[in-house]
Amino acid sequence: MEEGVSQAEVARAHGVSSSTVQRWIKRYREQGLVGLAREERADRGHSRDLSKEEIELIEGLYLSRPRPQLTSVYRKVCRVAREQGWKEPSYDPRVSNREEVVASLGDAGT
């Protein structure tokens with residue numbers, strides 16, 4: 001920007017909105033380079049969509065013996081969610097790692 005490039009051009013070059021560029025500028029002016037560093041989310045590694053009860057349900061179903069197929073766990077979780085009035089979790093069957101699949105049950109928008 002010091003070289004005369006507009007905020008709109010910076011936004012296009014980085015694939016972000018103009019408001020994001022404005023936020024970057026504000027942070028840089030207030031805090032210097034430190035203000036541009038990404039902050040780690042306080043809730044990193046925790047589901048933002050599932051309640052404690054829903055997580056316990058998923059873990060309980062998945063950890064039972066014999067271990068059920070993930071699609072079976074997903075169907076049961078969706079049935080219980082409908083019965084309880086909870087939002088049904090999403091599920092991305094393209095994920096290959098079992099732990100990732102179980103974790104993905106709570107990730108919205110997948």
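The legends below describe close-up views of one predicted protein model.

View 1. The protein has 110 residues, and buried residues make up 25% of them. Its accessible surface comes to about 8,600 Å², and 48% of that surface belongs to carbon and sulfur atoms. When contacts between residues at least 6 apart in sequence are considered, 26% of them join residues at least 24 apart.

View 2. Helix H2 covers residues 18-31, and Trp 24 lies within it. Together with Tyr 28, Leu 33 and Leu 36, Trp 24 forms a nonpolar patch on the surface, and the four residues have about 410 Å² of accessible area together. Although Gln 22 and Ala 8 are 14 residues apart in sequence, their C-alpha atoms are 9.8 Å apart in space.

View 3. The side chains of Lys 26 and Glu 30 meet in a salt bridge, with a distance of 3.3 Å from N to O. Both residues lie in helix H2, where they are four residues apart, or about one turn of the helix. Lys 26 is exposed, and Glu 30 is exposed as well. In the protein as a whole, the count comes to three salt bridges, and the next two views turn to Glu 83 and Glu 88, each of which takes part in one.

View 4. Helix H4 spans residues 70-84, and within it Glu 83 and Arg 79 are separated by about one helical turn because they are four residues apart. Their side chains meet in a salt bridge, with 3.5 Å from N to O. How exposed are the two partners, Glu 83 and Arg 79? Glu 83 has a relative accessible area of 56% and is therefore exposed, whereas Arg 79, with a relative accessible area of 40%, is partly exposed.

**View 5. The salt bridge between Glu 88 and Arg 82.** Here Glu 88 forms a salt bridge with Arg 82, and the closest N and O atoms of the pair are 3.0 Å apart. Glu 88 counts as partly exposed because its relative accessibility is 34%.

View 6. The peptide bond that joins Arg 65 and Pro 66 is cis, with an omega of about -10°.

**View 7. An arginine over a tyrosine ring.** Arg 67 lies over the face of Tyr 62, at 4.6 Å from the centre of the ring. As for pairs formed between two aromatic rings, the count comes to zero in this model.

Definitions and conventions. Residues numbered from 1 in each chain as written. Predicted model: local features only at pLDDT ≥ 70, side-chain atom pairs only at ≥ 80, totals over all residues. Heavy atoms only, no water. Phe/Tyr/Trp six-rings, centres within 6.5 Å; stacked < 30°, edge-to-face > 60°. Lys NZ or Arg CZ within 6 Å of the ring centre and 35° of its normal. Patch = residues over 30% accessible without salt bridge, like charges linked within 9 Å, V, L, I, M, F, W, Y side chains within 5 Å. Areas by Shrake-Rupley, 256 points an atom, 1.4 Å probe, with all protein chains shown as cover. Helix = DSSP H or I, 4+ residues; strand = E, 2+ residues; numbered from the N terminus. Buried < 20%, exposed > 50% of the residue type's maximum accessible area, 1.4 Å probe, protein only. Contact = heavy atoms within 4.5 Å.
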